[in-house]
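Please look over the protein shown here.

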Amino acid sequence: MRKLRSVLESQGFDVSLFLDVKSADFSNVIECFIAKTVGTNPEARVVVYVASHGITRNGPTGQVGYLLPIDALLPTEDPTFQLKAVRISKFLDWAEALEVKHALFIFDACFSGIITMSRSGTPPRQPLSGYVFSDNVQKPLREFFASGTAEQEVPATSVYANLLTQALLGERIEADSNRDGYLTGTELAAFLEGSVPAYSKQTPVHGRIANPNLDIGEIVFKLPEKAEDVFAPPQPAESDTSLQPVFRSATGQSDKAIAQIYEAEKFINTAVTICDDACVAKAKATPYSITIDMPSNLPGNAVFTDTELTCKGCTDQYAIVSGPSLSSSARTLAASFASWEKNAIWKLSGKVSVPKTDDKVVVVSGVDNKVSTVDPNKLSIERTALRINVDDQKKYDRTVVALQSEEKAIRHGARKDLAELLANDDGSTAATLVRGLNTGTYRYQLGVAEALRNAPNGWRTTESASRDVLVALQKKSNDSTLRKSLQGAIDNIQVSVYYETGEDNWLTKAGQLRPKATMNPPLPTISALEVGDMLVADSSVYKRAGPSLEYGSLGILDGGKCVKLVSKDDGPSNGDNARGGWLRVVTRPCSR
């Protein structure tokens with residue numbers, strides 16, 4: 001909640017935070033808030049975010065949804081629960097009572113989707129450019145988001161809230177579908193409804209109030225300017241201890257668990273309206289401090305390995321006082337800084353690792369925080385905090401817009417341009433483009449799939465989850481053209497594979513690849529291989545998104561299948577064994 005508060009404050013909202021609200025105070029909190037809007041600013045926008053337990057009951061006229069304040073019990077525990085529970089339908093009345101232009105109500109609660117059962121239809125997808133300045137956007141609106149349907153429970157650890165804040169921070173580029181720098185309610189809803197199911201078995205829904213005077217406009221969030229984030233270098237230098245990441249996971253709708261590297265983070269919004277010399281002096285004299293302790297649910301040998309203090313929106317109106325630094329145990333992060341920036345969000349973060357154990361990775365459930373060890377080949381990894389150079393990002397944004405042009409020639413030219421751009425991509429941009437397939441237009445989906453399919457020497461991704469997105473969309477689509485393009489994109493993924501020669505100069509258990517023309521020993525050493533060489537798998541070989549287990553699996557190269565060598569990957573070899581190493585390859589027919 002505090003993270004979301006910082007993000008909303010950076011958007012210009014005056015945020016009131018109420019925690020652990022009891023039943024006697026719940027309605028008063030909302031009604032006092034509504035009273036504050038009367039006679040103030042009719043052009044204002046309001047966001048109400050409610051995180052709570054919820055239930056759905058069958059009443060004489062149909063289903064009835066309730067939110068449970070902190071002191072309310074379930075009906076099975078208290079037959080008089082209705083005396084303390086709050087009917088979700090009350091929010092419809094409260095929404096109409098607000099004297100503001102745009103209001104968005106967000107419910108992150110079990111069974112809260114029932115609020116959308118009494119609302120109007122969803123508006124059509126907005127035009128690609130200039131939409132946020134149109135007359136329709138300025139019309140009044142009351143909109144409702146729910147993290148799950150009327151029949152669904154939602155996890156205690158909110159995937160929904162995490163993705164919501166990432167979108168508002170501009171960290172999920174794909175959420176801004178038309179790349180105009182503004183995130184509309186329609187775009188945000190599409191992003192959440194397309195992304196959350198990958199991590200949790202919940203289906204977000206949204207809708208507008210059934211009032212023709214309040215269901216046309218759009219709430220709009222201006223995304224942070226496309227400028228490089230400010231990074232404070234870590235102090236002291238990081239340890240070179242051999243570690244492996246801890247992963248957060250959720251089953252989602254994939255056959256494999258989708259996992260992200262576990263990253264602890266804290267946010268502070270330090271924006272000031274006007275800061276004169278006295279204000280600057282005060283800011284320097286009273287710096288901000290952030291401290292993060294290792295989450296208590298993680299193993300005792302878990303440590304922070306990557307520390308970052310970043311500022312989104314900073315120019316030069318700040319001073320780093322200390323850090324970011326690690327404690328001697330590497331289980332506490334700290335940083336201190338002075339800031340008098342006009343619009344800035346500071347984030348201290350650290351990635352978590354544990355010592356390697358039997359080639360297993362530690363996984364923390366995103367639902368109940370339980371810790372377990374998992375075979376890395378059963379994890380589909382999504383990397384966190386994908387960063388792209390600002391100038392490169394602008395090129396991609398222009399190309400993405402062109403992919404959805406009304407003119408066929410422009411669309412086809414954009415596909416060619418994108419395929420060429422991807423030839424020099426480190427995998428971050430491709431991963432971001434693929435993430436956007438869940439919520440993009442048909443033209444976006446087809447354009448990206450065609451560009452990936454036609455990328456020379458294949459395309460890289462930093463996320464093994466990219467393949468899962470492509471496969472899921474292919475299964476869901478009824479369009480034969482799109483399905484064919486998606487299959488081409490899947491077949492054209494660059495992957496990392498391990499190559500090794502044994503002491504007998506032949507295959508090993510870890511190394512089951514050999515040059516296509518080599519039928520008998522000796523195998524060439526890895527240093528003797530050349531770009532363009534065709535290799536064949538003698539037996540099954542794991543394909544990965546990068547040169548180590550932590551990147552996750554991109555599937556299996558079956559015995560008898562061939563790959564073309566694109567480059568030699570930077571990554572760890574098998575201990576000190578100079579006979580082995582990682583290769584970056586792309587699947588190709590053995591007949592080539």
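## A buried ring pair in a helix

Phenylalanine 91 and tryptophan 94 are both buried. This is a predicted model. The two residues lie three positions apart in helix H3 (residues 90-97), so about one helical turn separates them.

Ring pairs join Phe91 and Trp94 with Phe26, Phe105, Phe107 and Phe144 in a cluster. The structure holds 10 aromatic pairs.

## A ring pair across the chain

Tyrosine 498 and tryptophan 582 are each buried. Their ring centres are 5.4 Å apart and their planes stand at 70 degrees, over the 60 that counts as edge-to-face. This pair links distant parts of the chain.

## A charge over a ring

Lysine 222 places its charged end over the ring of tyrosine 182, 5.9 Å from the ring centre.

## A three-stranded sheet

Three strands form an open antiparallel sheet in the order S14-S17-S16. Strands S14 (288-293) and S16 (318-326) are the edges, each pairing on one side only. On average, neighbouring strands are turned by 10 degrees against each other, direction ignored.

Six bridges connect S14 and strand S17 (residues 332-339). Aspartate 293 stands opposite threonine 332 of S17.

## The whole protein

The protein has 12 helices and 28 strands. Of its 592 residues, 53% are buried. The accessible surface is about 27,100 Å², and carbon and sulfur atoms contribute 50% of that.

Methods: Residues are numbered from 1 along each chain as its sequence is written. This is a predicted model: local features need pLDDT of at least 70, side-chain atom pairs count only at pLDDT 80 or more; totals for chains, interfaces and linings use all residues. Side-chain values use heavy atoms; hydrogens and water are left out. Two strands pair if DSSP finds at least two bridges between them. Helices (H or I, at least four residues) and strands (E, at least two) are DSSP runs, numbered from the N terminus. Axes are lines fitted to C-alpha atoms, for helices over the stretch in contact, and angles run from 0 to 180 degrees between N-to-C directions. Buried means under 20% relative accessible area, exposed over 50%, partly exposed in between (1.4 Å probe, protein chains only). Accessible areas come from the Shrake-Rupley method with a 1.4 Å probe; for residues, only the protein chains shown count as cover. Rings of Phe, Tyr and Trp (its six-membered ring) pair if their centres lie within 6.5 Å; planes under 30 degrees apart count as stacked, over 60 as edge-to-face and the rest as tilted. A charge sits over a ring if NZ of Lys or CZ of Arg is within 6 Å of the ring centre and within 35 degrees of the ring normal.
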